[in-house]
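Visitor: May we examine the model below by way of its charged pairs and its sheet?

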Amino acid sequence: MQSDALQTLIDTTPVVIIASKLTDTRTLERRLGLVAVDFRIVILGMGSAEHRASFEMLRERSGWAQLPLIFVHGRCIGGEPELLAHPLLNPGSRLAWALGLASLAPLLLGALGSHLQIGLVGPHLFDATLAYAVLMLAFISGAQWGGAVNARGLRTRRRYLTSAIPPFVIWPAWLVGPVPALAVLVTAFAATLFSDISWGRRHAWPWWYLRLRAVVTATAMVALLVMLEAVPS
């Protein structure tokens, strides 16, 4: 295949795998088949001068010098490990997304309802929503504890600390009053998200979980700020 035709194929096909005759692509083919993604496998035989020229062109443009060389939507992502970890093959759990988004409902309703006086419920809604936010924070930070169980080394200790610190901090803040409690909650939600993203970059968490965490955390922080405005001056 000529270089121009190969580049056109890469630009117009969702997934293109550049391989040699010795490359085992069966695992990739199975995974791509499971998610019903259109893909092409191009075999470049290094015995052909034309194929060598095409490979050199791809190597120079992508900076990747090994086979298989994989392109997703026209962009080189690397080799087999990079494709197996790519969001295209890891859409995430629908149940996890449904439960994660549903967990925001009490917080959002409570945050908006805290500005209203709804019968006998109104005076207690703020406190109940604040307590729910604390439970959410404990649940989210507890994920680091679970992730540390099967890990080892210094990073494991840091993950245990990251998981345990938020509940210890929120308790004295709650005793002081609603404003300090809300301020600590917003800060703690942001800190736990930053921590999870940091671990995610080291492949500790799948990409979809980090995306879900970002959506849930950002929404929770907005709801807490709305509640902050409902605190009597």
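**Charged pairs and the sheet**

Visitor: Is Asp-196 buried or exposed, and at what relative accessibility?
Guide: Buried means under 20% relative accessible area and exposed over 50%, with partly exposed in between (1.4 Å probe, protein chains only). Asp-196 counts as buried because its relative accessibility is 1%.

Visitor: On what basis are such values given?
Guide: This is a predicted model, in which local features need pLDDT of at least 70 and side-chain atom pairs count only at pLDDT 80 or more, while totals for chains, interfaces and linings use all residues. Residues are numbered from 1 along each chain as its sequence is written, and side-chain values use heavy atoms, leaving out hydrogens and water.

Visitor: Which residue meets Asp-196 in a salt bridge?
Guide: A salt bridge requires a side-chain nitrogen of Lys or Arg within 4 Å of a carboxyl oxygen of Asp or Glu. Here the N to O distance is 2.8 Å. The pair links distant parts of the chain, 17 residues apart, with Asp-196 in helix α9 (residues 178–200) and its partner in helix α10 (residues 207–229). The partner counts as buried because its relative accessibility is 4%, and this residue is Arg-213.

Visitor: In which helix do Arg-59 and Glu-56 lie?
Guide: Helices (H or I, at least four residues) and strands (E, at least two) are DSSP runs, numbered from the N terminus. The side chains of Arg-59 and Glu-56 form a salt bridge of 2.6 Å, N to O. Arg-59 is partly exposed at 29% relative accessibility, as is Glu-56 at 33%. They are three residues apart, about one turn of the helix, and both lie in helix α3.

Visitor: With which residue does Arg-26 form a salt bridge?
Guide: Arg-26 counts as exposed because its relative accessibility is 55%. The closest N and O atoms are 2.9 Å apart, and the partner is Asp-24.

Visitor: What is the order of the strands in the open sheet?
Guide: Two strands pair if DSSP finds at least two bridges between them. Strand β1 (residues 15–19) pairs with β2 in the parallel sense over five bridges, and Val-16 stands opposite Arg-40 in β2. The four-strand sheet has mixed pairing, and its order is β2-β1-β3-β4.

Visitor: Which are the edge strands?
Guide: An edge strand here pairs on one side only. The two are β2 (39–43) and β4 (75–78).
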